[in-house]
Amino acid sequence: MAITRIIVPRLILLLFVVLGVAVITFTISHLIPGDPARMIAGDRASAETLENVRRNLGLDRPVVEQFTIYIGNLLQGDLGTSLRTNRPVAADIRTFLPATLELGTVALFIAICLGVPLGVLSAVYKDGPIDQIARTVSVCGISMPVFWFGLILIYVFYAKFQILPGSGRLAMGIVAPERITGFLLIDSLLQGRFDAFRSALYHIILPGFVLAFANMGVITRQIRASMLDVLQEDYIRTARASGLRKGMIIFNYALRNALIPSITLLGLALGDLLYGAVLTETIFAWPGMGTYVVTSIQTLDFPAIMGFTIVASIGYVLINLLVDLAYMLADPQIREV
Amino acid sequence: MMTTGTAEPRGQALAINNLSLEFPTFSGAVKALDDVSISVGKAEIVGIVGESGCGKSVTTMAATGLLPKGRYRVTGGTVRLFGHSTLSMDDSQLQDLRGKVVSTIFQEPMNALNPTIRIGRQLTDVIMRHEEVGPADARRIARDILADMLIGEPERVMNLYPFELSGGMRQRVLIAMAFSCNPGLIIADEPTTALDVTVQAVILRLIQNRARRTGTAVIFISHNVAVVSQLCDRLYVMYAGRIVEHGATRTVLETPQHPYTQALLRCLPERVAPKQELEAIPGAVPNLLQPPSGCYFQPRCKEAVEQCRSQTPQLTGADGQQVACWRRGVAVELPEQGGRR
Ligand SMILES: Nc1ncnc2c1ncn2[C@@H]1O[C@H](COP(=O)(O)OP(=O)(O)O)[C@@H](O)[C@H]1O
Ligand code: SF4
Ligand SMILES: [Mg+2]
């Protein structure tokens, strides 16, 4: 089956990627100046206290031994203990990851729902007014720094007109729904908590849109380019020559093929989304992985940083797997062979 | 050849009258068609021949509204396709005609079918677009017509994607698609040029047979006279956007009167004695940005005289055979076996 042929190598690859990333992050964490024990114990701690902290963290053992222990724990899903929160890093990630995934999913949804139709219209009415607007919008999206755009939106919609909230996931005073998926929008609905749903929705609009905007530009541009290619193809001429309706030609006959080269780009966009999320979360005080990792970096919380890096790289490999599966769905030539 | 009113008095499938058309480009207007008149009767099979770039495709694509929007300009003439003035129709009106009244089969079958849609769906999409039938009936119609194109196991083929078929099979599918809604006219634009020689004859016969059986008019377009000569009732010879000779196939082949037609015929392998060198027409089709004055063939013509340089010859002659040449009929020096094939 084609599907196992695609999945199995990716899973094997995943193992190697995780190991490789672990080696790299571990090495870097030991090369970077800065003493985690000092960070924890504080500036005024005595030499004895420092020594104690070191021993507790296992920092007094030989580097190779530290690494073996780290990898061993890693394979059991133990990412170590955060120096800052004193909780297992894995638990921290479980707390913060859903917020990021929710933001990313909403952003991707917005980016695709706006970007694809805009790209299609832009190609079909090439050089017309719609095309001009779409091209301007996508250039803006691609070239406008996330933090700048974010701050503008916060200024306009929150500070100036107070239409939408500018920070956090829920309004003050609203109790978060019980955690099921960790996605507030879903959990609140599952529990019939419409007040929480409303609040969560309002809160995700601005950061979701900011994060979507850059990717929307990329998607629009890609869809436009591949639609222009496809519309030149002989099979589109055949469809026109046999009288199929315009809508059918554009969406069933052209877009279907234009999506295939766009899938890779969508995978890349997902990667960008992860990166953009870090910035967006910081601006909107969104309690997700971005905020978590930025704080961890500021406090030299190595276990947390390493944990984040490993989760992010697993994310990248999984995205690539998704891309391959999407290819298979879209292109019969890959699926059927 | 009066075609006033909506009724077609002589039962014409297609009547192109004095059509002139150009493509505006940065370096000037490409005068692709100059005063082209072509008529195709109902159930008639007509050929258009001429070297590549002579305007054969542009002629028929203009008539069916398939030229790229806004990139060309009709500078004169009329087109009537079963009574419809296609030149003044909008896109959605044309879409109603295409596939139903007129179908086109193009040259390159490799990429003419959608790579991500199964053959069956591509056929039924067209059938359901034009006929009042449901999916089951559409599939049945598609199956029957594929079988008629000598495709074994049509049910299986309908479940395949284009990349799983050979070029010849794809072209059969495209022909089936063209015939699927019983159009009155089929335009076969170099339908076999990209195919293996052994497949060519079979494919052409498929088109011809079905057209004869169903009373469908056909325009065969080819740069190769040999390909169309045995299929067509009448022939048009095109050169540089003009019709230079037309008449009954037999007449044109046996007594070609235009030096260009004669040159085309001399290029045929069948016309050349075994040991003799195959002749190509020296020179090239003129640049239509700046066509020569007078007769467009004059720079390549062995028979040219002074008058050819300054004055454009018009089509003249009895309806049986019309020729645009100041020295029509000179030097029909074809080898012996010519014409009797
Ligand atoms: N879109 C276009 N823009 C400019 N010139 C064109 C265009 N389409 C066709 N032509 C020109 O029109 C002439 C006739 O082309 P065509 O009808 O395709 O020739 P053929 O007889 O080989 O079918 C050629 O000189 C070609 O360059
Ligand atoms: S008009 Fe003159 S140049 Fe043209 S084909 Fe006839 S003889 Fe040749
Ligand atoms: Mg052509």
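Me: Is the crossing of α5(A) and α11(A) left-handed or right-handed?

Reply: Residues are numbered from 1 along each chain as its sequence is written, with chains lettered from A and ligands numbered from 1 in the order in which they are written. The model is predicted: local features need pLDDT of at least 70, side-chain atom pairs count only at 80 or more, totals for chains, interfaces and linings use all residues, and side-chain values use heavy atoms, without hydrogens or water. A crossing is left-handed if the near helix (helix: DSSP run of H or I, at least four residues) is turned anticlockwise from the far one by less than a right angle, and right-handed if clockwise. The crossing of α5(A) and α11(A) is right-handed.

Me: How many residues of this contact are nonpolar?

Reply: Contact means heavy atoms within 4.5 Å; A:Leu103 of α5(A) and A:Leu270 of α11(A) are among the residues involved. Ala, Val, Leu, Ile, Met, Phe, Trp, Tyr, Cys and Pro count as nonpolar, Asp, Glu, Lys and Arg as charged, and the others as polar. Beside 2 polar and 2 charged residues, the nonpolar ones number 14.

Me: What is the bridge partner of B:Ile48 in β7(B)?

Reply: Strands β3 and β7 of chain B run parallel and are joined by 5 bridges. In β7(B), B:Ile48 has as its partner B:Ile221.

How values were computed:
Helix = DSSP H or I, 4+ residues; strand = E, 2+ residues; numbered from the N terminus. Pairing = 2+ DSSP bridges.
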